There are 2 protein chains.
Amino acid sequence: MHMQNILHIQKKLVPDLVQVMQKRYKILHQILVSGTVGRRTLAANLDLTERTLRSELDILREQGLLETGTTGMTLTESGRRLLEELEPFVKEVFGLSELEEAVRLKFGLRKVVVVPGDSDVSEDAKREIGRAGSRVLSQSLSPGDIVAVMGGTTMARMAAQIKVQAPLTDNWFVPARGGLGESVEYQANTIASELAKRTGARYRMLHVPDHLSEEAYQTIMQEPNVREVVDMIRRARIVVHGIGDAITMARRRKLDADTVRELLKDGALAEAFGYYFDKNGAVIHRMATAGLRLEDIEAAETVIGLAGGRSKGEAIAAVLRFGHDDILVTDEAAAEEALKHG
Amino acid sequence: MHMQNILHIQKKLVPDLVQVMQKRYKILHQILVSGTVGRRTLAANLDLTERTLRSELDILREQGLLETGTTGMTLTESGRRLLEELEPFVKEVFGLSELEEAVRLKFGLRKVVVVPGDSDVSEDAKREIGRAGSRVLSQSLSPGDIVAVMGGTTMARMAAQIKVQAPLTDNWFVPARGGLGESVEYQANTIASELAKRTGARYRMLHVPDHLSEEAYQTIMQEPNVREVVDMIRRARIVVHGIGDAITMARRRKLDADTVRELLKDGALAEAFGYYFDKNGAVIHRMATAGLRLEDIEAAETVIGLAGGRSKGEAIAAVLRFGHDDILVTDEAAAEEALKHG
DNA sequence: CAGTAGCGGGACGATTAGCGTCCAGCTTCG
DNA sequence: CGAAGCTGGACGCTAATCGTCCCGCTACTG
């Protein structure tokens with residue numbers, strides 16, 4: 001645990017080092033398997049543009065790793081040896097990004113970010129998910145966007161770390177759902193306000209008590225300022241949510257015994273944005289509070305899921321199977337686990 | 001030997017990023033020892049410009065390694081931990097550049113280039129010295145410059161690897177000394193011609209047999225084309241030479257027994273540009289052939305010495321003590337050894 | 001309590017590096 | 001002998017980087 005691999009350290013100090021290493025490794029590797037190959041062919045094989053490849057080749061040539069002849073480029077003895085020496089590290093260097101790509105393909109996502117570690121055992125990993133999540137959210141934001149956010153500890157951590165260049169005077173943060181029985185610092189309302197405060201955006205609260213009678217529910221929904229927030233939720237272009245284990249969430253939200261029994265019977269596995277899912281991603285149950293509906297999830301342009309820890313891998317897989325998430329931010333352990341159950 | 005450290009690999013694969021790593025480490029380290037420090041102070045301490053430092057600081061802050069307060073910048077817990085984790089690798093990351101700086105200061109040189117390895121045992125290191133030497137020479141060249149070169153295997157390797165962007169139509173390569181009894185492929189004449197051929201520059205040969213009588217010597221020096229080359233040598237702005245062990249060189253050049261004995265008696269240790277030096281850098285003996293004199297060495301703007309291998313460390317130190325070299329290109333083992341004897 | 005030194009961060013123009021793109025000249029191979 | 005594929009050069013556009021200066025603020029110090 002303490003003898004951290006130097007690659008992990010380097011990733012912090014020089015974040016793009018690993019990517020560049022990967023790129024150059026791929027180039028050398030491709031030349032190795034090709035024997036002798038020309039620049040254009042190489043560019044096509046590696047899906048790089050001719051010019052960027054050329055810059056890399058110049059560097060590699062400068063380092064004496066490859067030679068240029070009239071028929072194309074070949075690895076030098078030095079280059080071949082380097083590739084061989086690099087072999088043991090390749091798995092590690094490529095580990096996370098390969099994981100990201102694997103998860104992305106398996107669940108048909110637009111983007112996957114995997115941070116190192118396991119949130120179940122490492123506070124570091126949790127923080128990294130928060131940081132990575134906030135970065136993803138920042139990148140996804142366009143002027144005028146309304147962002148609907150859920151609650152939860154991961155969401156709170158994300159909110160606590162977001163930073164923007166310039167104040168987002170043109171954006172809104174709204175809670176995706178009314179009160180869901182969480183303690184106040186992890187409620188969607190709190191998170192929306194924290195996000196707004198830290199980014200200079202505006203926000204709205206949605207105060208709808210849990211467990212209302214149908215009649216009371218209809219009444220409160222007629223309230224203008226509830227109506228207004230719900231309308232904003234309907235128009236949200238971005239939705240950010242955590243993913244939880246069904247039973248844990250049910251307990252945390254103090255569902256009544258009957259409901260819990262029913263959830264168990266139906267095979268509830270995961271929870272996200274107030275819905276419970278079974279292992280196939282089918283919706284089992286809906287929390288009784290106002291706000292985001294499934295149609296809104298489908299209408300949103302970017303749905304971002306945040307969750308980490310090996311124990312959540314299966315739940316993540318279930319929610320991803322539901323099929324409406326676009327971006328996943330998770331950690332190594334959860335990603336591996338999700339793949340197993342995908 | 002075979003389980004190479006990944007840092008060695010990275011130095012080859014991503015040398016640019018390793019430098020960036022060094023820079024960022026230095027910044028973090030400086031902040032650590034300063035406790036809290038402002039940008040300007042930091043820039044002055046690290047000898048960086050304010051703006052470049054600032055870009056780096058932004059990245060490091062983005063990585064959560066440092067925090068910015070009203071009184072200056074401080075490392076975060078993350079940053080301190082990173083620095084601690086990095087400690088075991090620092091020596092290795094900085095190994096060569098620290099070595100370069102140490103040698104540079106010890107012998108008062110303008111520039112020192114140290115390549116990894118030991119030429120005594122590694123063919124790779126020899127080639128790297130050649131490559132590095134050719135790069136240094138290219139960088140030192142200005143239009144119109146005359147370059148005087150010596151012979152030797154290291155010089156030959158350098159010549160074989162030099163490359164230039166555009167042909168040096170305005171430069172001359174001349175042998176620094178007439179024949180010095182080396183086999184033809186390592187003679188200064190050959191090297192000058194090879195360098196010229198590979199760079200598009202022009203060259204002159206200097207054919208002066210060894211061991212001439214004083215009379216014959218005076219006669220040959222009156223020869224117009226000898227005279228002409230010697231004049232060019234006098235005007236050389238750059239001198240490039242190898243450094244040898246005195247006894248080895250004496251033997252290779254088949255000096256007569258008397259002279260060798262005399263060299264030994266006088267404590268000859270090193271040889272460079274036809275002169276023999278004792279351990280204090282004092283000139284013991286001069287080879288009897290035409291060409292470069294000590295005055296010319298002093299007049300030259302840039303004197304570049306090339307030599308590697310632990311066994312040559314002491315000789316290198318002796319020549320550097322002579323005090324007229326500006327740039328040294330060597331390998332790790334020789335540099336370490338030279339420091340011991342400096 | 002007022003003055004000041006030192007702080008971070010904003011701004012902006014000049015410079016440069018990076019990149020897409022196309023072309024010339026060469027070698028090799030069919 | 002022609003076609004294909006190769007390298008390396010060239011060039012203009014764009015985006016990033018950098019040097020430089022300035023502003024407002026804070027926390028000391030006298």
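Let me start with the residue classes. Ala, Val, Leu, Ile, Met, Phe, Trp, Tyr, Cys and Pro count as nonpolar. Asp, Glu, Lys and Arg count as charged, and the others, Gly among them, as polar. With that, take the surface near DNA strand C: two nonpolar residues, twelve polar and eight charged. One caution before we go on. This is a predicted model.

Take the atoms of DNA strand C within 4 Å of the protein: 58% belong to sugar or phosphate, and the rest to bases.

A:Thr49 puts a polar side-chain atom 2.2 Å from a phosphate oxygen of DNA strand C. B:Arg54 goes to a base: an N or O atom of its side chain is 2.4 Å from a base nitrogen of DNA strand C. A:Arg40 also has a side-chain N or O atom at a base nitrogen of DNA strand C, at 3.2 Å. Which elements give two or more residues to this surface? They are α4 (50-62) of chain A, with α3 (39-46) and α4 (50-62) of chain B. Of these, α4(A) gives the most, with four residues.

Of the atoms of DNA strand D within 4 Å of the protein, 57% are sugar or phosphate, with the rest in bases. The surface near DNA strand D divides into two nonpolar, 13 polar and eight charged residues.

The side chain of B:Thr49 has an N or O atom 2.2 Å from a phosphate oxygen of DNA strand D. A:Arg61 has a polar side-chain atom 3.5 Å from a phosphate oxygen of DNA strand D. By element, α3 (39-46) and α4 of chain A and α4 of chain B each supply at least two residues here. The largest share, four residues, comes from α4(B).

Next, protein against protein. The contact takes 35 residues from chain A and 35 residues from chain B. About 3200 Å² is buried between the two chains, and carbon and sulfur atoms give 64% of that area. How many salt bridges are there between chain A and chain B? Four. One salt bridge joins the side chains of A:Arg135 and B:Glu62, at 3.4 Å, N to O. On the side of chain A that touches chain B, α1 (6-13), α2 (17-34), α4, α5 (77-107) and α6 (123-140) of chain A each supply at least two residues. That side divides into 17 nonpolar, six polar and twelve charged residues. Across the interface, nine residue pairs are in polar contact, both at pLDDT 80 or more.

Last, symmetry. A rotation of 179° with 0.6 Å of shift along its axis superposes chain A on chain B, with an RMSD of 0.6 Å. The two copies are therefore related as by a two-fold rotation axis. Of the residues of chain A, A:Leu17 comes closest to the rotation axis, its C-alpha at 3.8 Å. The same surface serves both copies: 97% of the contact residues of chain A recur in chain B.

Definitions and conventions: Residues are numbered from 1 along each chain as its sequence is written. Chains are lettered from A and ligands numbered from 1 in the order in which they are written. This is a predicted model: local features need pLDDT of at least 70, side-chain atom pairs count only at pLDDT 80 or more; totals for chains, interfaces and linings use all residues. Side-chain values use heavy atoms; hydrogens and water are left out. A residue is near a molecule or strand if one of its heavy atoms lies within 4 Å of it. A polar contact is a pair of N or O atoms within 3.5 Å; within protein, one must be able to donate a hydrogen and the other to accept it, and residues adjacent in sequence count only if both atoms are side-chain atoms. Contact means heavy atoms within 4.5 Å. Buried area is the accessible area (1.4 Å probe) that two parts lose on being put together, summed over both. Copies are superposed by least squares on the C-alpha atoms of residues with pLDDT of at least 70 in both.
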